Amino acid sequence: MKLGKIAKGVHYKSVFDAAAEIRETPYPEIAVPVPDHDYKIVGKARTVYYRDGIVSGLDDFRKGETKSIFTRTLYDKGSPVRAIQVAEAKPVSITVTSNGNEQQVVNCAQGRPVSTARYVDGKFLSGLNFITGKSFEAEDKFFSSFVQIVTQGNNVTFIDGVTIPYSPDMIKGSKVLFLHADHKAPNGNFVIRAKHAVENFDGDAIITATNVHKLALETDFVPNKPIVVLPHFCDQQRAITTQRKDLITVSRLDPVGKPIAECIEAFAKIADEFPDCNYLIYGEGTGRKPLVGLIKQLKMGGRVKLMGYTTDPMSVFSNAIASLYPTLTEGFGLAILESLSQDCPVLSYDVDYGPKEMIRNGVNGELVQPGNINQIAQAMRKILKNPEKYSAGCSDGLDNYSRKKYVENYDALVSSLTH
């Protein structure tokens, strides 16, 4: 959003930045201090400053970010005393630690302080809003004082479903709730928080990403506001494709929520039928070690490979016969959409809600039951025997998930609420 990749009029701002633009903070800009040092060691992930052989400062750079965004920690005799989050050479927040367990946090907007808050053992004790001059002893009231400034006037506030218990009352003006696929717990019972949100939301609309989830919400609850479907989008420009060869999975390696092991077992059943096809798994996570053990146990080391993290999933999808998407819950499944956008059919578990929305059996992929190894293997077999047919069906319906359609959907909703 910061680079205008979604739409030119979309900007990313913290609530502090937005509040300070509406009502200025009375304090001048703060300079980012440079650690006192006589030499420093510069690395890719961090820069370490030394004074008289002792660490006097440390810059930690975020993975995947530019070097203009980092956290600078200042040390006193080897102990950290100040941590400063920096963006574009200006402080975003300053945390001062004292007595080991006390912290004073100063939040900034464009380098100018807008608030300060005191914590002991991580517990909020007090806060001061510099813009309004008001002090608070409750953390929710403290942060809501900034939200109230931002949400005044003719605007629409989008509330993430996870934050619903904390935010609606403090928001002025139009507001919509984006409810992800979390209204059911893993045991199938309704989540009380979600039920209360859907049936008592005092805003203007409730949003979900799929029609399947909309129907489920309307079946399970009595929504207090109309439910609007706003699906995600994917750039549909095809990557350069060579000969498609392998089955792939792009996913975090999560042994609980992403049972990739089942796909490995299923592939082992059919591997001899398709000697030119391997199973390549892209991603990292806590599930790597057990997967390594399973691959060794099945003697599939030459056919199933853990490829590590990829920075170019589109290229991976564009060169694969099909992608395997083992998951036990999925609100939308952007990786499914990304795969289809590259004419790469998807074999996914038939779970709520995204897979059911985007995958049609026999057309652009297959839906299978979690844990059914034989069914998973049979679905792989069907795709590998007729890959061209499945690949040709991938583009059907993708216009609903284009960037243009995405912007139009949001523009229509916002316009309906602000005019």
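Modeller: We begin with a pair of strands: strand β19 (residues 346-349) and β20 run parallel and are joined by 4 bridges. Please bear in mind that this is a predicted model.

Biologist: Which residue of β20 does L347 stand opposite?

Modeller: Strand β20 spans residues 365-368, with G365 and L367 pointing one way and E366 and V368 the other way. All of these residues are buried. The one in β20 that stands opposite L347 is E366.

Biologist: Is T25 buried or exposed?

Modeller: T25 lies in the loop between α1 (15-22) and β1 (39-42). Beyond its neighbours within four places in sequence, T25 is in contact with R112, P113, V114, F130 and I131. Its relative accessibility is 3%, and buried means under 20%, so T25 counts as buried.

Biologist: Why does T95 count as buried?

Modeller: T95 belongs to strand β6 (residues 90-98). Leaving aside neighbours within four places in sequence, its contacts are V81, R82, A83, Q103, Q104 and V105. The cut-off for buried is under 20% relative accessible area. T95 is buried because its relative accessible area is 17%.

Biologist: How many Å apart in space are T95 and N278, C-alpha to C-alpha?

Modeller: In sequence, T95 and N278 are 183 residues apart. In space, taken from C-alpha to C-alpha, the separation of T95 and N278 is 50 Å.

Notes
Residues numbered from 1 in each chain as written. Predicted model: local features only at pLDDT ≥ 70, side-chain atom pairs only at ≥ 80, totals over all residues. Heavy atoms only, no water. Helix = DSSP H or I, 4+ residues; strand = E, 2+ residues; numbered from the N terminus. Buried < 20%, exposed > 50% of the residue type's maximum accessible area, 1.4 Å probe, protein only. Contact = heavy atoms within 4.5 Å. Pairing = 2+ DSSP bridges.
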